[in-house]
Amino acid sequence: MALTREEVRHIALLARLQLSDAEEVAITEQLDHILQHFETLAALDTSAVEPTALVVDVTTAYRDDVVVNPPAAEALRQNAPARDGDFFKVPKIIE
Amino acid sequence: MDLHRLTFERAAALLAQKAISSVELTRAVLERIRATEPEIQSFITVTEEVALTQAHAADARRARGDSGPLLGIPVGIKDIILTKGIRTTAGSKILGNFIAPYDATVTRRLLDAGAVCVGKLNCDEFAMGSSTENSAYQVTRNPWDRTRVPGGSSGGSASAIAAQQALGTLGTDTGGSIRQPAACCGVVGIKPTYGRVSRYGVVAYASSLDQVGPMAKTVTGCAHVLGTIAGHDAHDSTSANRPVPDYAAGLNGSIKGLRVGIPREYFVEGMAPDVEQAVRAAVRQLQQLGAVISDVSLPHTQYAIPAYYLIATAEASSNLARYDGIKYGLRAAEGEGLLGMYQRTRAAGFGAEVKRRIMLGTYALSAGYYDAYYLKAQKVRTLIRRDFEQVFQSQDVIVTPTAPTTAFRIGEKTSDPLQMYLSDIFTISINLAGLPGLSMPCGFDAQGMPIGLQIVGRPFEEERVLQAAYAYEQASAWHDRWPTE
């Protein structure tokens with residue numbers, strides 16, 4: 001089942017990536033080649049196997065709802081690509 | 001005395017005796033960096049002023065009676081780990097102007113122990129790669145042969161040790177990215193058990209696989225750094241709530257009776273003969289030291305690469321969604337609304353390999369494919385983990401080659417991404433199973449390139465892995481060799 005250019009365009013949209021025509025062609029070929037190699041997984045019988053999401057046993061860590069971090073707003077804003085005082089400037093969201 | 005040539009522990013001893021100062025040591029290391037960087041290119045950012053300030057502070061602390069193995073030692077940190085006030089790029093243009101607003105926990109622990117940060121080390125972009133050729137900034141060259149790669153993704157962390165540009169470094173390892181460059185550059189590197197070291201402040205690639213670990217010229221150096229960075233962190237809920245042993249104190253000891261498993265699936269066609277020879281010789285050496293060697297099997301080894309590249313890329317596609325040009329990092333020029341800005345920012349900021357992995361991961365998670373790819377890979381992960389659990393019922397450690405070949409030439413594997421992925425074959429299962437894994441030098445091939453031996457342990461048995469490594473190291477002389485100047 002070969003990967004099509006339409007599918008690649010759809011995935012690129014999901015991934016919020018703009019690909020050039022050349023990139024689209026290259027990625028379609030490369031991903032198709034890689035996915036074909038990965039077809040070996042299909043041969044394994046995993047019907048009775050549980051998936052592993054995380055290798056450690058973790059339980060949700062709770063703590064009291066009190067502020068523990070000192071204010072660091074300025075440090076967090078200093079990397080803003082566009083800024084207006086305390087605000088991050090962004091492109092218009094609602095047309 | 002060429003201070004930059006000192007091992008971590010030798011320097012720590014001389015500092016403790018006050019035979020040398022941290023300022024002297026740091027100056028020597030910075031001078032060495034200046035002399036070698038034009039050729040090697042380990043560093044994205046060298047932090048001379050910060051380092052000297054920290055060195056002075058370390059000497060002042062020592063004068064007040066303070067001590068500790070890290071106090072005053074020059075270290076380098078992979079540029080995927082946040083260092084407050086210092087540019088942190090993760091090897092990507094999308095973070096080219098990013099100044100870290102806080103320290104990663106591992107950074108904080110090193111600095112609190114008095115370490116001196118000499119700079120941020122080059123890596124494959126977002127830790128995606130096995131050669132450091134995917135860095136958006138520069139190609140790092142292997143100090144043993146400058147036409148060859150240092151390995152990746154923590155290539156700069158490994159080359160800096162081999163080129164005597166730092167006495168200890170931090171790297172990260174998601175599919176082999178500490179161990180494989182350690183092997184390529186003839187140094188020691190350890191990926192701890194998943195959860196042994198906090199990931200807070202480490203730019204995330206694959207959250208169920210990433211781990212931070214040390215690299216150094218010797219096992220002792222790694223043991224000291226690991227002991228400093230390891231331990232529970234309230235900021236990282238995947239970090240284990242377990243005490244940290246004194247790894248360096250536990251090194252000396254006999255490995256008589258240590259049960260060592262050699263998995264047959266790790267000696268494959270396509271493996272360089274020199275590599276196989278050196279590893280088998282190392283195994284015989286372990287046997288002479290009293291270890292009991294057995295042939296074992298990890299039957300699902302061949303499925304590790306597909307499973308890894310589906311899980312890791314799926315997690316990466318989610319983790320890298322945050323690079324949207326809004327609050328930090330690169331933002332493409334305005335025009336065509338919000339969606340267009342996202343698309344063009346990410347197109348401009350990410351390199352080809354990163355785009356490829358985001359695409360692969362997004363596909364694996366997308367409707368209609370999730371079950372066949374991502375879920376399937378997670379089930380295979382269970383099978384791989386079970387293989388190890390089974391072997392560890394009768395073996396204490398597993399020993400393998402770290403990589404099928406020694407360091408390849410720059411440009412040799414860049415045309416076929418799959419070829420590059422296959423070079424991770426011996427390291428990748430260890431990340432999937434969350435086990436501790438170490439690489440150390442065990443010889444050189446006919447071209448004089450280092451060969452790596454991998455030692456793998458049960459979860460949280462870093463002590464045993466380090467002991468086995470130390471025993472082999474003391475019985476061999478590979479660590480005494482440096483690249484010719």
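## Helix α2 of chain B

In this predicted model, the buried residues of α2(B) are B:Ser22, B:Leu25, B:Thr26, B:Ala28, B:Val29, B:Leu30, B:Arg32, B:Ile33, B:Thr36 and B:Ile40. An α-helix has 3.6 residues a turn, so residues three or four places apart point the same way. The cover over the buried residues of α2(B) includes the helices α1 (8-16), α3 (48-63) and α5 (155-162) of chain B. Strands β1 (43-46), β2 (74-78) and β3 (116-121) of chain B are also part of that cover.

Helix α2 of chain B runs over residues 22-40 and has a kink of about 35 degrees at B:Arg34. The kink lies shortly before the proline B:Pro38. Just after α2(B), B:Gln41 has a positive phi of about 60 degrees.

## Chain B as a whole

Chain B contains 15 helices and 11 strands. Its C-alpha trace spans about 65 × 55 × 45 Å along the principal axes. A compact globule of 485 residues would have a radius of gyration near 23 Å, and the 21 Å of chain B agrees with this.

Of the 485 residues in chain B, 63% are buried. Among contacts in chain B with a separation of 6 or more, 76% join residues 24 or more positions apart.

## Where chain A touches chain B

Between the two chains, 41 residues of chain A are in contact with 50 residues of chain B. On the chain A side, the elements giving two or more residues are α1 (5-14), α2 (21-37) and α3 (73-77). The largest share, 6 residues, comes from α2(A). By class, this side of chain A has 29 nonpolar, 9 polar and 3 charged residues.

Note on methods:
Residues numbered from 1 in each chain as written. Chains lettered and ligands numbered in written order. Predicted model: local features only at pLDDT ≥ 70, side-chain atom pairs only at ≥ 80, totals over all residues. Bend = angle between axes of the 7 residues up to and from the residue. Helix = DSSP H or I, 4+ residues; strand = E, 2+ residues; numbered from the N terminus. Buried ≥ 20, exposed ≤ 12 C-beta atoms within 10 Å, placed from the backbone. Contact = placed C-beta atoms within 7 Å. Nonpolar A, V, L, I, M, F, W, Y, C, P; charged D, E, K, R; others polar. Rg over C-alpha atoms; globule rule 2.2 N^0.38 Å.
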